[in-house]
Each structure stands twice: as C-alpha cells, then as structure tokens.
Amino acid sequence: MRRRPVCILCLLLVVFLCVTDWLGFSLIRGNPLPETVQTWIKKHPESTICGEVVRCQENEEFQSVYLKDTYLIYNSEKVSIDNVRVYLKENNRNKNSKKLLAGSLILVSGKLEEVPEPGNPGEFDSRQYYACRRIYYVMKKGKVEKQSRNHSAYGQFLIDMQQKFAGILEKACGNEAGAFEAIVLGDKSNLDAELKMRYQMAGIIHILAISGLHISLLGMGLYNILKKIGLGIWPAGLLSLVIMLQYGMMTGGTVSTMRAVCMFLLSVGAKIAGRIYDMPTGMAASAILILVENPAYLLDGGFLMSFGSVIGIGCVWPLIVEVMDREEKNQWKTEDKGVRVFLKSTGKSLWKSFLASGTVQLTTLPVVLWFYGEISVLGIFLNLLVLPTVGVVLGSGMAGALVGLFSGRGAFLTVVPGRIILKGYEFLAAVAGKLSFCTWAGGRPQVCQMVGYYVILAVSVWIYRWTAQSGVDNDSFLKCESDLYNRKDSGKEMQIIQNSGVYKSHKRQNRCKYAVMKVWGIRGLCAAAVCLGILLIGYKPREDFRIACLDVGQGDGIVIEIENQWNILIDGGSTNKSALGQYQLLPYLKSRGISRLDGIYISHTDEDHISGVRQILEYIGKGLTVLRVENLILPDWQNIQENKNYQELIKLAEAAGTRVLYAKAGDRIKYGQASLEVLWPLSGASGTEVNEDAMVMEMTSGDFKGIFTGDIGKETEEKLLHNGWLEDVDFLKVAHHGSKYSTGQEFLDIVKPELAVISCSSMNTYGHPSPDTLRRLENSGSKVLITKDAGAVMIYRKHKHIFAKTYRKNSDCE
C-alpha cells in the first residue's frame, strides 16, 4: 500500500463519504436538491420541465424518455433538478408523433413525483438506483409541449446502431435473442424473466451484463488483432481505446461498464507509455473517477459487486497464487519422478481455477447477501464451465450483429456456436435449480457482521501468506513433506542419512513430522477462520417471534418467524402491485434467510390476498426459487366448485409438492412454544361470502396475543363476540384494510389492541383506511400504523421485551 498512493486516496475518499452520510449529508443517498425546491414540487406536482433527451425506451406498456440537465420552471425562474425520467401519455406514443432525438431539448408538462423508496426489507431500492443516475424525480403522464430542431447526430447514431444490432439479433438468434442482446448490447428489456431467475440461482447471472470480462475480451482482442495486422503499439492502442469508449457509450454506460472501460483505458495507456500496469492502482483510480462523478454509486449493488470481484481476483487471489507458486517450485525440486502427478498440467489448472472462483465468491459474499439475501453454492463450479466459453458467446454475438448488416443468412450461421453454448447454460441452470443445495439463503447481514467477516478474511489471508514469507513454509519443510510421502508410499523406514544411527534418523523424522503438522495446522486454522466468518455473516439473533406486516399495496402479506425455526406466511396478494411474489414477498424472505415456509395460510381467495402466493407456488413448481413450502392451509369451505381461485391454488400446491390442509374453527397448530388457533370459519361454512367466511386466527406466544382478521366485516365480528371467542390482545391486523364496515366499536371494546396495523395502498380508490375506523382505533387506545406510510411493520420479542419497528421511518418503539 505504501507504493500505491492511489489506493490510499481511494480508501480515504470512501471513508469520507461514509462519515458524511453518517452525519446526515445527502451525498451518497437521499435527495440533494434544496429543501425549497422539494417543498415546492410537493405542493405543485403539476409542473413544466425542460431538459435534453438522452434516450427513449418503449415497450408494450409505456414509453419513457430520459432527460439530463433538466430544470424546473416555476415563478418565472429556472431551477435545476438534475435528470428526470418522463413517462409519456398514450397520445405521445402514436406513430404520427414526432420522434424524440438524442440531444434535442424538449419542454414537457406532467405530474412530478419523487422516486419512491422501498417499503420492505430486501425490496429493490429504486430510489438509490435512480440516484446513481442523478434522477430524483419521475414525471407521470408527460406531454411534450415543444421540441428543438437541433439534436446530437452522433448520439442518435449510437442509439440507432444499438437498435439496429438488436433487430439483427432478434431475427438471427431465435429464443436466445434476449440473452444475446443482454451480453452484447447491455439491453435486458427483452430478456426472459424466468431465464434471468435461473441464471441468478445458478450463480452465472453476471454474464448477462456488460462487465470487465466483456470489455477485456473485446478490447484486448481488438488490440491484439490490430497489432497483428501491422499497426504499432500507439495506433493499435489509441484505436482500440476509441472504439471501446464508443462501445461503452452505446451499451448504456452502466457502472460495471464504466469501471471496465476505465481500467481498460489505463491498461492500454500503460502499454502505450511503456509502463507496467498495476491492477489495484487501476481499480482504485477507476473507483475515484466514478465516485467523484456521483458519490451515490458507493451504495450501488453493481458498483460494489463489480469492484468486489476485481478486489478478489486482482488483490486477494495473487497473494494465494504467490504461496502456491513457491510451494510448487520447491516441490518440483524435492519430489521423485511420478510423485503427485495430480498437481501437474490439467489437475493443477482445474484446482487453481476452482480456488480463483471460490476466492471471488468469498470476497463478494457479504455484498451479494446484502443485496440478494442468497448466493449460489454451485456457482463456484458452474463458472469453471461458463467463464472459458462466454468469450465464444460474446464473439459470435458481436460477429453476428456485424455480419447481419450485410447478410441475414450470414448472421444466422455466425451466432450458431453462441446459441449452442447458451442452450447449454440454460440446461445447467435448470438442473442446478432442482438441487436443494444449489443456493444458500443466508439472509441480509448487518453492517457489523460484514465488517467482522472481512476482518476475519483479511487476517486469514495474511496468516496464510505469512507462513510462506516467514520461513515456516520453506524448502526444509517441503523436503521433509516429500520424504515422508515417499517413505510412506514405498513402505521403507525413514532413514535420511545412511550410517547416521537410529537416534538421528528418528530425530530427523520427528522434526519433519513437526514441521508438516505445524504448517498444515496453521492452514487448517485459516480455513476454520473463514468458515467461522461465513457462520458469522449468516447468524441471526434469537427472537421468540417476529411478525412482519409487509407493504404490499392494496392487499395483505404477513410473514411470521417463530423461535428462529418455524416460518409462516399469512396471505400474500395485491391488486395494484404486479409480480408481488417476485418483487416483494420472495425478496423479504431471502433477506431474512428463509428458504422454507412451514405453512401458507390463506384467509380467503380474493386476488388481493393470493396473487403473490400464486406466483410463489408457480416458481416452486418450475424450479425458479430455492424456497420450499411444506403446507398450504385453506379455509374449510363446502361450496368450492365455482371458486376458481380456490381450485387453482390446490393445483399449484400439488405441482409444487406442497401438502394441502383445510382449517376450521377450533383447530390449533403448535409451533414450539407458540400456537395458532383458528377462530373462524365454523365447520360447514359455505364459502359463498368469501369475506365473511374468511379465516380468522389468534396467535399466542407466552403472554403475547395477536389476532389476524382477514377481510371480515361487522357481521362476522358480532358472531365471534356472541360465541365468546375474542379476548384482549396485544396486536391486531385490522380487517379489510381499514374499511368503515369492519372493526366495530363492540369488537374493539373486547380485543383492545395496543398496536393495530392497517395494510393498504396510498393509491386505493376505496377510501381505505376509513376516518371512522381510525377514530375508533384511537379511542380504544391503540397505536395505529399504516403500511402505505410506514412501509413494512415488524413486531418482535427479544429478551422478554416486545418491539415494533417500521421500515420507512426506521424507528423502534417498545
């Protein structure tokens, strides 16, 4: 590090940004715009903005345009609001509308909204994602008022070429077109969602992004070709630099692309200048350039994983190779012919490749768990097959796109090798997804756990290297090890020096055994320390229970963890959030390290309670998730023949290997010291009125009681009161999203909840929650939390104390 001042400067920059974030400055997260501007936008969302077109994006659902250097017009003043993404109205999407060209200035009117923050743990953080692109507001229902005639001809040319290449690949590549477009052009808009999930489970999703591997293969390949055709170092280097810069611009300029291009520029620049390229210094310089341009990248998953991989392969791995090479060199001096043949040629290369892949996995493990909650175990092995062949896919795709400019038939033939390999990737990913040990759901670690892991990893690597540098792992040790091995194999007694006497022979033997045991003991200690670090990062503090009422929009979704052993989902649906299972439910379960649900309880079969459950069961049946569901518990209704949702859930559960059970009033399910008792529906309930016949459950854990009411109305509440099945509780999941027709005063007079949670959307058209219901809850002495405002609400008991925590406000109360 003393010879790498750039690395020290990068480290100081990272520390500075972390300190400023801790002090509350909006550098790496939050909205850095002035408070006066933010307040004005909140009061006047209908606004007019002007900005420069970067690029347009269109699909079947919407058309959007990215603007840079945007300013807001209000009170006859212009105020900069950085970049904005505008979603255009339908009338701006017709074929007769004027094309928005890159570099042109447009005046747009519409509704400005701040980019929403996530509502649940594990959910994708779109606010941070857009902050990395200096986008803090999106405009809905945008209408283009004016457009300038001037535009960037070259910028539009790059966009047109990308679209042209995409069209060629779509025609030539068939079902693999989406993967080719992602690998070659960095465009994932046509990538099949299920294929993406398979690649993620297999740990090879990194090949679907423009990364350092792609830039290195293309850039260095181009550089070598230019040199072979007669160009010198300077012309070949400069030309390859220019071409790779344009390629990076054409593919969208993601953070991994920017990092790879920066490092490629420094590498080729070193060749041109006749200097030695140092990877850690190049990495640090690239990080500084990116963070100075936008500090928000420090919390970006792409930034952290991209640089984490480079640290693993460029900093940690060379230290291990240094020791291995020293050992290998000494082993060839000491061992006899034919001894340890497995270390030679292919075996040695495979072993090193496996260790290199494992090193990258270990280096990026905390970051991957932080953003995804799970990591592919088989990815270490699959990457041994994928990485050597991805260059063929990239090369054939790039060549096919270029050939397709002249011949469609030629493009079809050119991409055949890449298509065959992609078929193999898909097959491997599908097989891996069916294996129960394919993916480890370790959960999202705490920052202190991540720091502890990296400290343990750094110390272990240092000790491993120290054994070689300090003389512990020297020639004499290797000589002893070889002698012991040879004498053991030959069956001869250990006699190093002839005629030296039995005493000296045994003394030499004992010294050799001690040296071998000492070194391998130190190595075993290092390996054990790394295993301890993995256990540390996956550790979860023991809690008696945790109830998480997730922010699922207009619907319900409740996850219960009991004694760190049993996991339950009560409902899981929404009418205003599509793909709820993929984007809210599964990410939360992964963030908590949950790979098995002991039961999914369905209160009733309305869409706002089952849409996410349906998707989860579909994914399990197709092998697209590591999650397994033991039981699906449905209300015991009699008239289910005409209930399509009820029948569909049963079929999906059977396909997923999940047992289907039916519950009615009086049933009790034990989970350790806790239990769930079904209070409703009664035996023989018809199920015709799904709301009134919904499953009502009471959870008991020690002296804690909570009640989950589905969407029952006052009619069912009165029946429960009449039967005497209600009692004073600590927690209430308010029925029917806070409807005024539920949670009556008589009901509240009995249950008297200390905490009441209402799950609903801020965009709902039903008026939920009703002011009348809120008034009744407050009069009963309940603290009310609403998911549309607070995000997910977590209630948990730890050390005999019960806490409530909201995700958005990030506050705890006891």
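Asp69 is exposed, with 55% relative accessible area, because the cut-off for that class is over 50%. The model is predicted, and every value in this report is computed from it. Asp69 belongs to strand S2, which covers residues 63-74. Its phi is positive, about 50 degrees, although Asp69 is not a glycine. Most residues other than glycine have a negative phi, and most peptide bonds are trans.

**Backbone exceptions**

Lys141 is another non-glycine residue with a positive phi, here about 55 degrees. Lys141 is part of strand S6 and counts as exposed, since its relative accessibility is 63%. Gly142 also lies in strand S6, which spans residues 135-147. Is Gly142 buried or exposed? Gly142 has 0% relative accessibility and therefore counts as buried. Its C-alpha is 4.4 Å from that of Leu88, although Gly142 and Leu88 are 54 residues apart in sequence.

One joins Trp680 and Pro681, with omega about 10 degrees. Pro681 sits in the loop between S18 and S19. The other runs from His768 to Pro769, with omega near -5 degrees. Pro769 is in the loop between strand S22 (755-758) and helix H24 (771-779).

The table collects the relative accessible areas of selected residues.

| Residue | Relative accessible area | Class |
|---|---|---|
| Asp69 | 55% | exposed |
| Lys141 | 63% | exposed |
| Gly142 | 0% | buried |
| Cys7 | 11% | buried |
| Cys438 | 0% | buried |
| Gln582 | 19% | buried |

**The seven-stranded sheet**

An open sheet is formed by seven strands in the order S17-S18-S19-S20-S21-S22-S23, with mixed pairing. Which strands lie at its edges? They are strand S17 (668-671) and strand S23 (783-786), each of which pairs on one side only. With direction ignored, neighbouring strands of the sheet are turned by 15 degrees against each other on average.

Both kinds of pairing can be illustrated. S17 and S18 run antiparallel and are joined by four bridges. Lys670 stands opposite Ser675 in S18. The hairpin of S17 and S18 has two residues between the strands, and Gly672 in this hairpin takes a positive phi near 65 degrees. Strand S20 (residues 704-708) and strand S21 (residues 731-733), in contrast, run parallel, with three bridges between them. Phe708 has Lys733 in S21 as its bridge partner.

Helix H22, residues 714-723, lies across strand S18 (674-680) and strand S19 (696-701). The helix runs at about 110 degrees to S18.

**Helix packing and a buried glutamine**

Two packed helices are described by the angle between their axes and the distance between the axes. For helix H8 (residues 233-250) and helix H9 (residues 255-273), the angle is about 170 degrees and the axes are 10 Å apart. H8 and H9 are therefore roughly antiparallel to each other, as angles over 145 degrees fall in that class. On the H8 side, the contact involves Ile233, Trp234, Gly237, Leu238, Ser240, Leu241, Met244, Leu245 and Gly248. These meet Thr257, Val261, Phe264, Leu265, Val268, Lys271 and Ile272 in H9. By class, the contact has 11 nonpolar, four polar and one charged residues.

Gln582 is found in another helix, H19 (residues 580-591). With a relative accessible area of 19%, Gln582 is buried, because the cut-off is under 20%. Which residues are in contact with Gln582, leaving aside its neighbours within four places in sequence? They are Met197, Pro587, Gln615 and Tyr619.

**Cysteines**

How many disulfides does the structure hold? The number is zero. For Cys7, the nearest cysteine sulfur belongs to Cys315 and is 6.8 Å away. A disulfide needs sulfur atoms within 2.5 Å, so Cys7 is in no disulfide. Cys7 is buried, at 11% relative accessible area. Cys438 is buried as well, at 0%.

Key: Residues numbered from 1 in each chain as written. Predicted model: local features only at pLDDT ≥ 70, side-chain atom pairs only at ≥ 80, totals over all residues. Heavy atoms only, no water. Axes fitted to C-alpha atoms, helices over the stretch in contact; angles between N-to-C directions. Parallel < 35°, antiparallel > 145°, perpendicular 65-115°, else oblique. Contact = heavy atoms within 4.5 Å. Nonpolar A, V, L, I, M, F, W, Y, C, P; charged D, E, K, R; others polar. Buried < 20%, exposed > 50% of the residue type's maximum accessible area, 1.4 Å probe, protein only. Pairing = 2+ DSSP bridges.
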